[in-house]
Each structure stands twice: as C-alpha cells, then as structure tokens.
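I opened my notebook to jot down what I could look up in this one. Here are my entries, in the order I made them.

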Amino acid sequence: MLLGFSIKPQDTVESASIELLTTQNQFEAGKPIQLRFKGNAENLNLIISTALATVIIEPDSTDINEQIKFTIGSPLNRMSGILNWVLVSNSEKISDGILNITTNPEAVAKLESYLGPQRIAAGGDDFAQLTLLPTDQFDNPLPDHTIVTLTTAIETIEKQEELKVQNFISWKNIYSTTKSGRLFTAANSNNITSKLQTIYIDANLATPFKINYSRPNSFADSDQITTFESSIIKDTYGNIIPDATLVNFVVHTSSGDVLQTSGNTINGRAQARLLHPAKSEIWQVTAYITGIAQSNTINITYEPALTEIITNWDSNTRILKVGPLKGRLNQILAEGTLVTLNIMGPDGKADTVAKKTESGTVTFELKKDFYKSGNYTLTIEVLGVTHKLEAVELL
C-alpha cells in the first residue's frame with residue numbers, strides 16, 4: 001500500500017514597512033507640527049511625550065498619495081523643549097524620533113522682573129539684584145542671547161545698558177550711590193516693557209552726633225520735664241539717617257542711679273523726655289544708636305526746689321504740720337509732692353512715715369498707741385531738702 005500526502009504552506013506575515021517623509025525636526029512654538037509617513041503598516045498610532053504630558057494620537061485621513069499624516073496641535077506644540085515621538089503599529093514600535101520646539105527671540109510677549117532687596121545702604125558697596133525673565137505668548141522662556149535693555153534712573157541721571165539672556169534669564173547687580181534717594185528700574189525687549197520697580201537707597205551707618213537739652217527751670221521738683229534733643233544725625237556721606245531710627249539717652253545720676261529714655265528720629269533728629277529728679281542732682285547724659293554711634297556727654301545740674309521747710313509742732317495734740325511748702329519762685333509746690341518724716345525714739349528705734357501734700361501742706365499725727373511719751377528726733381525731708389527737730393517732747 002502506498003501512502004501519499006502534501007503540506008500546505010502557511011500564510012506569510014508581511015512585516016510592517018514605514019518611511020518618514022518629514023525632514024524638518026525643529027519647529028517654532030505655537031506653529032503646526034505635521035509628521036508624514038508612507039508605507040504599508042496598519043493600525044498606526046503616534047505616541048507623543050513632552051514635559052507637559054504623554055498622549056496617543058491617531059493619523060489624519062490618508063491623502064491621494066497614500067501618505068499617512070499625524071498633526072500635533074495645541075497644547076503639545078506650544079511648550080518649548082524636546083518632543084519625543086514613537087510610531088506604533090498594532091501596539092508594536094516601528095519608528096521613533098525627536099523634535100525640538102523653539103521660541104522666537106522676536107516674539108517677546110511678557111517681561112517679568114524680580115528685585116531684591118528693595119532697600120540698600122548708600123556708599124556703593126551694597127546692591128540689589130534685578131532678575132529679568134522674558135517669555136513668549138505661551139510662557140516659554142526666550143533663547144540665550146536675546147537682548148534686554150535695562151534703564152535705571154535716579155533724580156535726573158538716567159542710564160541704559162543692554163543685557164543678554166543666559167540660561168533663560170537675564171540679571172544685573174545694581175549698586176547703591178553715595179547719595180540716598182530712590183532709584184527706578186525698568187526693562188524692555190522688542191517693545192515689551194517690565195513693570196517699574198523702585199530701589200530705596202537709605203543712609204549708611206550713622207556717625208557721631210551731638211545732643212542738647214531744654215527745660216522750663218533748673219529745679220529738682222519732680223514736676224517739670226527736661227527734653228533731650230539730638231543734632232541732625234547723618235552718615236559718612238552726609239545723608240540724613242532714616243526716620244524712626246531709635247536713639248537711647250542714658251543718664252548717670254550723681255547718686256549712682258542709671259536712667260534711660262529713648263526717641264525715634266524724625267528728619268534726622270531724635271527727642272526724648274525725663275521728669276525732673278526729686279532732689280538735687282547732677283546728670284551726665286549720653287545718647288546712643290546701639291552698636292553704631294554715640295553722642296557727646298552733657299552735664300545737667302538740678303538745684304533744690306525749695307530753700308526752707310516750715311514746720312509747726314503741737315505737743316498737746318501730737319500733730320506736726322509741715323508747710324505751706326513753697327518753691328524757689330515762691331510758688332506752692334505741686335500737689336502730691338512727697339514729704340517723708342523720719343522718727344527716732346528715745347529707745348533708739350526708728351520709723352518712717354510718708355505723705356503727699358495737699359495745697360502745699362501735710363499733717364502727721366504721732367498717736368500714743370504707737371509712740372510712747374519721751375523725747376524724739378523728727379527729720380522732715382522734701383525734694384532732697386531736710387529739716388530736723390531735736391528733742392521733741394511727746395506727752
């Protein structure tokens with residue numbers, strides 16, 4: 001028996017064949033991008049990948065020349081940079097490539113500017129940095145070597161200079177002048193202008209200054225006020241220091257105390273005030289701008305506010321009346337002036353009582369419940385002036 005058979009050949013799978021017809025690989029942002037192919041591949045899709053997103057697009061309808069076209073539109077064609085594409089057929093990669101999307105240096109649509117700090121010190125050493133970022137209508141940075149014109153103006157002096165974009169930005173260090181004031185900056189590129197910005201050039205560090213004082217009288221009455229005032233405080237270049245600069249006035253008294261008052265400058269001058277002392281004193285006053293400058297030292301003498309203390313002691317009622325107390329100008333002392341009575345008893349024990357005046361007088365009563373009969377020494381003190389009563393008998 002003879003057996004015969006034959007083998008039927010399998011269908012041959014024809015590999016996809018595709019040819020890229022588009023030779024351009026650089027496009028301007030916002031302009032249409034079209035990739036054209038020719039070949040026999042089926043089920044074609046184009047995968048687009050940019051910094052913005054990754055998307056899959058289908059081909060446009062095939063034209064009469066049997067070319068396959070893919071159109072890359074907004075927003076993928078608006079962002080400058082690298083655009084990667086991969087052509088797939090039946091989910092298999094058959095071709096890929098890179099496109100470069102660039103910006104037009106003549107297409108400036110916006111010129112952003114950043115400045116800091118806005119306040120610098122006069123003298124030419126301190127500076128503010130101005131950073132400029134020109135972009136097109138799609139907010140893409142402009143390419144390197146794009147020209148930006150910077151204009152600076154202070155008072156009547158105006159200056160222009162050209163800056164070039166490098167690494168997408170343009171910048172300039174703007175140094176201070178020796179004179180304080182306001183310096184204005186603005187930039188433009190292809191008729192697009194940045195916002196106007198201001199650099200405030202403040203006075204540099206203060207230099208030594210002088211102080212003086214004024215007062216209604218020279219008496220230590222704890223009632224009037226002494227006013228301290230500085231000269232106009234300036235820096236090395238003659239600029240008046242900024243308003244609200246704090247000036248501390250430090251007072252060393254002849255009794256060893258240290259007092260302090262302060263004031264802020266207005267138009268370069270600072271004022272501060274202190275109440276007159278309650279007793280005769282000599283004040284030494286020096287003013288400081290902490291860590292920067294100090295003034296000369298002035299001496300202020302305060303004389304006793306009264307020359308005598310009038311007293312009236314009644315042994316029967318044990319009442320001591322002090323006053324009327326009058327000042328150096330024969331005026332009644334201010335209401336509430338402190339009067340201190342020191343009481344030294346026969347047993348050597350001491351006591352102190354204080355009261356405030358009313359209409360220039362004050363009354364002390366030494367009651368039997370507290371002070372036994374005997375001879376006492378009474379010392380009255382008012383505004384640093386003392387008056388002593390010896391051997392006062394308490395019945």
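**Ground rules.** Helices (H or I, at least four residues) and strands (E, at least two) are DSSP runs, numbered from the N terminus. I'm working from a predicted model, where local features need pLDDT of at least 70, side-chain atom pairs count only at pLDDT 80 or more, and totals for chains, interfaces and linings use all residues. Residues are numbered from 1 along each chain as its sequence is written, and side-chain values use heavy atoms, with hydrogens and water left out.

**Whole chain.** I looked up the helices and strands and got 0 helices and 32 strands.

**Two asparagines with positive phi.** Asn190 sits in the loop between β15 (181-189) and β16 (192-193). Its phi is near 50 degrees, a positive value in a residue other than glycine. Is Asn43 buried or exposed? Asn43 is exposed, at 53% relative accessibility, while Asn190 is partly exposed at 35%. Asn43 has a positive phi near 50 degrees too, and I found this residue in the loop between β3 (33-39) and β4 (44-49).

**A buried asparagine.** Asn140 is in the loop between β11 (127-135) and β12 (147-154). I get a relative accessible area of 4%, so Asn140 is buried. What does its side chain reach? The answer is the backbone oxygen of Arg78, at 2.5 Å. Contact means heavy atoms within 4.5 Å. Leaving aside neighbours within four places in sequence, Asn140 is in contact with residues including Ala29, Met79, Thr103 and Pro134.

**Cis peptide bonds.** I noted a cis bond joining Gly116 and Pro117, with omega about -10 degrees. Pro117 lies in the loop between β9 (110-116) and β10 (119-121). The bond from Gly323 to Pro324 is also cis, with omega near 5 degrees, and Pro324 is in the loop between β27 and β28.

**An open sheet.** I traced 3 strands in the order β26-β27-β30, with antiparallel pairing. Two strands pair if DSSP finds at least two bridges between them. β26 (311-314) and β30 (362-365) are at the edges with a single partner strand each, so one side of each has no neighbour in the sheet. Between β26 and β27 (residues 319-322) I found 4 bridges, and Trp313 stands opposite Leu320 in β27.

**Nonpolar cores.** A nonpolar core is a set of buried Ala, Val, Leu, Ile, Met, Phe, Trp, Tyr and Cys residues joined through side-chain atoms within 4.5 Å. The largest has 25 residues, and Leu320 and Val382 are among those that touch the most other members. β27, β28 (338-344), β30, β31 (374-382) and β32 (385-394) each supply at least two residues of this core. Apart from it lies another core of 21 residues, among them Ile233 and Trp283. Back to Val382: leaving aside neighbours within four places in sequence, its contacts include Leu306, Ile309 and Leu325.

Terms used. Buried < 20%, exposed > 50% of the residue type's maximum accessible area, 1.4 Å probe, protein only. Polar contact = N/O pair within 3.5 Å; in protein donor to acceptor, adjacent residues only side chain to side chain.
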